[in-house]
Amino acid sequence: MCCLKNLWSQFKTKETKLCECDHINIEDTKSAERGTNLDAEQDAEANSSFTHAVINMVGILIGLGQLSTPYALEQGGWASAFLLIGLGVMCAYSSHLLGKYLEKNSKLKSYVDIGDHAFGAKGRFLATTFIYMEIFMALVSYTISLHDNLATVFLGTHLKLQLERLSTSQLLTIGAVLIALPSLWLRDLSSISFLSTGGILMSLVIFVSVISTAIFGGVQVNHKIPLLHLHNIPSIFGLYIFSYGGHIVFPNLYNAMKDPSKFTKVSIVSFTLVTSLYTTLGFMGAKMFGPDVNSQVTLSMPPKLFVTKVALWATVVTPMTKYALEFAPFATQLEQRLPSSTSGRTKMIIRSSVGSFLLLVILVLALSVPYFEHVLSLTGSLVSVAICLIFPCAFYIKICWGQISKPLLVLNLSIITFGFLLGVMGTISSSKLLVKHFQTNSI
């Protein structure tokens, strides 16, 4: 995809400071010691049209969120749809803010650069830490989803191996992860792009399958959705906000556009489409399955239907396309930190070894804590809310302090407060539920 090479170079960007709000250019001395070819390369690659940018942003946003939205809506009540829509509006606004930073300062190329520009080294460290946390926890959630759907696809299958502590579904998951493992060793951008396109197609297949089940699957869409379960709002907040995660890649989308001035329009159109999709899928799934809806809607679909089998396989394939894509930024920075004298072969060996080790750690965690909705909710409440809401607004206040109007100051402070409070409550709630389920199943 047209923005993919920029994603690979997200962590290659140099430490730069340029205070555009005061119209004073200040270059970080570290950036003078490094090459500036990246900027020219990214300018040459800025060939993404408005339509392509929308497709890319929608593709980034749609993921595990579409699986969990029906469950979240049923748990929170139909009134919680206003929270889902409201978060979509706020995340579109924070995406707009990221575009404004990049418009005013052409030296900023990534989310980390923006954090560095706003708060210096501390901002860069904080942004980088949260980005890696989100990537790691998201991959754990994807692997749990892989395990759950594989167990349903091969329901009734028994593997006779002398590994008494491992179930058939766990062995199948290990096999699937090992199949996907070599994708982490890829450095060819066209191969990575193929995986990205495959992930988007699988997401569309899942959506169409659920809608087809409602229309042609003989499932009655007549369950009553409760008005509001206020006590469940903190935990489903994490599920909702995770669905809108993608801000760490938005600067790359901006830099890939032919006309970056249309980035705000791209954000509005993309978040409108994604919010509409989530809301439609949420109500459809909740109305079809009611209180019995699974945290992954594909697991609630009638098992004998052909579209169910298609949806389950699509859900199995999706995580396998994500590993290389999610690992790419980390791998790129890892190679950047190696001595310049390191040979290409040595770099590949180090990259492959570290990637393989991390994926195996993710696999162990996913099999040890197989509670999809709670892990996903914890990821959203602890990490995604900071990246999607808190940090962009805080960056804006810091960078433009003294020139920001009072209404905008109040708006951004309100979003920060809202995100922080619900993030804390959601983290506590999902952590308690995670520990409770873990202890219950350990007995």
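Cys-388 is buried in this predicted model. Its relative accessible area is 0%. Cys-393 is likewise classed as buried, at 1% relative accessibility.

A disulfide requires two cysteine sulfur atoms within 2.5 Å. By this criterion the count of disulfides is zero. Cys-388 takes part in none, and its nearest cysteine sulfur, that of Cys-91, lies 4.7 Å away. For Cys-393, the closest cysteine sulfur also belongs to Cys-91. The separation there is 9.5 Å, so the two sulfurs are too far apart for a bond.

Helix packing was examined next. Helix H7 spans residues 111–153, and helix H13 spans residues 306–337. The two pack with their axes 9 Å apart, at an angle of about 160 degrees. Angles over 145 degrees count as roughly antiparallel, and H7 is therefore roughly antiparallel to H13. The crossing of H7 past H13 is left-handed.

Residues from both helices build the contact. H7 contributes Tyr-132, Ile-135, Leu-139, Tyr-142, Thr-143, Ser-145, Leu-146, Asn-149, Leu-150, Thr-152 and Val-153. From H13 come Leu-312, Trp-313, Thr-315, Val-316, Thr-318, Pro-319, Met-320, Lys-322, Tyr-323, Glu-326, Phe-330 and Gln-333. By class, 14 residues of the H7–H13 contact are nonpolar, seven are polar and two are charged. The charged class comprises Lys-322 and Glu-326 of H13.

Terms used. Residues numbered from 1 in each chain as written. Predicted model: local features only at pLDDT ≥ 70, side-chain atom pairs only at ≥ 80, totals over all residues. Heavy atoms only, no water. Buried < 20%, exposed > 50% of the residue type's maximum accessible area, 1.4 Å probe, protein only. Axes fitted to C-alpha atoms, helices over the stretch in contact; angles between N-to-C directions. Helix = DSSP H or I, 4+ residues; strand = E, 2+ residues; numbered from the N terminus. Parallel < 35°, antiparallel > 145°, perpendicular 65-115°, else oblique. Left-handed = near helix turned anticlockwise from the far one by under 90°. Contact = heavy atoms within 4.5 Å.
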